[in-house]
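Subject: Structure for your files, with notes

Hello,

Here is the structure I said I would pass on. Please keep it open while you read the notes below it.

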Amino acid sequence: MSHALLPGTRAPVKVWTDPATIEPHASQQLRNIGTLPWVHGVAVMPDVHYGKGATVGSVIAMRQALAPAAVGVDIGCGMSAVRTSLTDAQLPDDLGALRTAIEAAVPVGFQARDTPVDPRRVHGLPTAGWDRFWSGFAGLHPGVAALESRAQRQLGTLGGGNHFIEVCVEQGGPDAGQVWLMLHSGSRNIGKELAERHIAAARKLPHNADLPDRDLAVFLADTAEMTAYRRDLAWAQEYAARNRAVMLALLCRVLRTAVPAVRFDEPISCHHNYVAEEVYDGVPLLVTRKGAIRAGRGELGIIPGSMGTGSYIVRGRGSEAAYCSASHGAGRRMSRSKAKKTYTVDDLAEQTAGVECRKDAGVVDEIPAAYKDLDQVLAEQADLVEVVAHLRQVVCVKG
């Protein structure tokens, strides 16, 4: 579909779904964003839903300003995937044992490692840059100084919520049956701690006093506050990318142990909570994607669904109207609290039939019915991405 314009905003807010279907709180957030004097434009993805400060599924292009809430608290959260040489017939018969092996290799939920990962001991993980990366911790916000050990031990861990690890099988086409590995995670607690401190600092700045929502507070270019945030943001985005790289290498090791002959293609990886410097309409802009991936022409991306509906590998079409972006997933249609009140463990088991995964009360809020229809989300952004592969999970690990 082509986009619609959300009425009542100063900067154009372009929407890749029916504006009438956007929840009222999210619509108001988008209007608030569109009134900010620094905003060049906003692109709203079809998985849009209400978020803290800024809407999830929003791409905000600003001139000489940056809103930490428009990046989100899980800085650098994103996806990684790799296609294997295996077909589904070559997977172990006991997928429960495979899930157990994955959970043993990668801590989930609030868990951290007893000792930090040594990248020199993880096969397939690049060893360059680690010393330089960790030395950067000393320059971060002083409020996180005591968290270095925790950050080191959480590297290579999944987290909870909608974070996941999956073994997937490609559907249809010449490569039907091909096995993929996929995971979704971000910067863990350290990204959250950095984000919350900078959001709080931005709220106190005088130029943010009259905003429609104080959570939309911005830092301005060429200020000490912006410099400090950009430094911490870049570090946390790299932490998130390295976190996914470690987990993907460990996941490959688990599968190699189960099927020694397996080979792996080059991984695909993309942030969907981050900022980038990009130029549109001839104007240098700071583009924040909160719940959105970059979809430049020819760029590969990952759009996951829920724990029972599969995912898509996509290729960007480079739509400058959408700031070269696409959705980051199906998007929630129901809050976690409402999902827990609406659905039961039996509903979860029914909706995840055929998937080796948790089917207990602790993950009912992640039930597929709590998410929007992924195929509809893909159809609404057909001018932003083309489908490369449709994957369905056979194993899903949740925090």
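Predicted model: local features only at pLDDT ≥ 70, side-chain atom pairs only at ≥ 80, totals over all residues.

Seven strands make up an open sheet in the order β10-β6-β8-β7-β17-β15-β14, and their pairing is antiparallel. At the edges are β10 (268–271) and β14 (300–304), each of which pairs on one side only. From one strand to the next, the twist averages 30 degrees. At the β10 end, strand β6 (residues 78–87) runs antiparallel to β10 and is joined to it by four bridges. Within this pairing, Ala 81 stands opposite Ile 268 of β10.

Two helices on the sheet

Helix α6 packs on this sheet and touches β6, β7, β8 (178–185) and β10. The direction of α6 makes about 145 degrees with that of β8. Helix α2, for its part, lies across β7 (164–171) and β17 (385–398), and runs at about 90 degrees to β17.

The two helices also meet each other. The axes of α2 (residues 95–105) and α6 (residues 224–258) come within 10 Å and cross at roughly 145 degrees. The crossing of α2 past α6 is right-handed. On the α2 side the contact is made by Leu 98, Ala 101, Ile 102 and Ala 105, and on the α6 side by Leu 250, Leu 251 and Val 254. Of the residues in this contact, seven are nonpolar, none is polar and none is charged.

The hairpin

Strands β11 and β12 form a hairpin with two residues between them. Strand β11 (residues 273–280) pairs with β12 in the antiparallel sense over eight bridges, and Tyr 280 stands opposite Val 283 in β12.

Strand β12 also pairs with strand β4 (residues 56–62), again in the antiparallel sense, over five bridges. Here Ile 60 stands opposite Thr 288 of β12. As for burial, β12 (residues 283–290) is mostly covered, with six of its eight residues buried.

Aromatic rings

Searching the whole structure gives ten aromatic pairs. One of them is Trp 235 with Tyr 239: the ring centres are 5.6 Å apart and the planes are at 35 degrees, so the pair is tilted. Trp 235 and Tyr 239 are four residues apart in helix α6, and are therefore separated by about one helical turn. Trp 235 and Tyr 239 are each buried.

Another pair, Tyr 280 with Tyr 323, is edge-to-face, at 5.1 Å centre to centre and with 80 degrees between the planes. This pair links distant parts of the chain, 43 residues apart. Tyr 280 is in strand β11, while Tyr 323 is in the loop between β15 (311–316) and β16 (325–327). Tyr 280 and Tyr 323 are both buried.

Lastly, Trp 235 and Tyr 239 belong to one aromatic cluster together with Trp 130, Phe 133, Trp 134 and Phe 137.

Regards

Terms used: Residues numbered from 1 in each chain as written. Heavy atoms only, no water. Axes fitted to C-alpha atoms, helices over the stretch in contact; angles between N-to-C directions. Left-handed = near helix turned anticlockwise from the far one by under 90°. Contact = heavy atoms within 4.5 Å. Nonpolar A, V, L, I, M, F, W, Y, C, P; charged D, E, K, R; others polar. Buried < 20%, exposed > 50% of the residue type's maximum accessible area, 1.4 Å probe, protein only. Pairing = 2+ DSSP bridges. Phe/Tyr/Trp six-rings, centres within 6.5 Å; stacked < 30°, edge-to-face > 60°.
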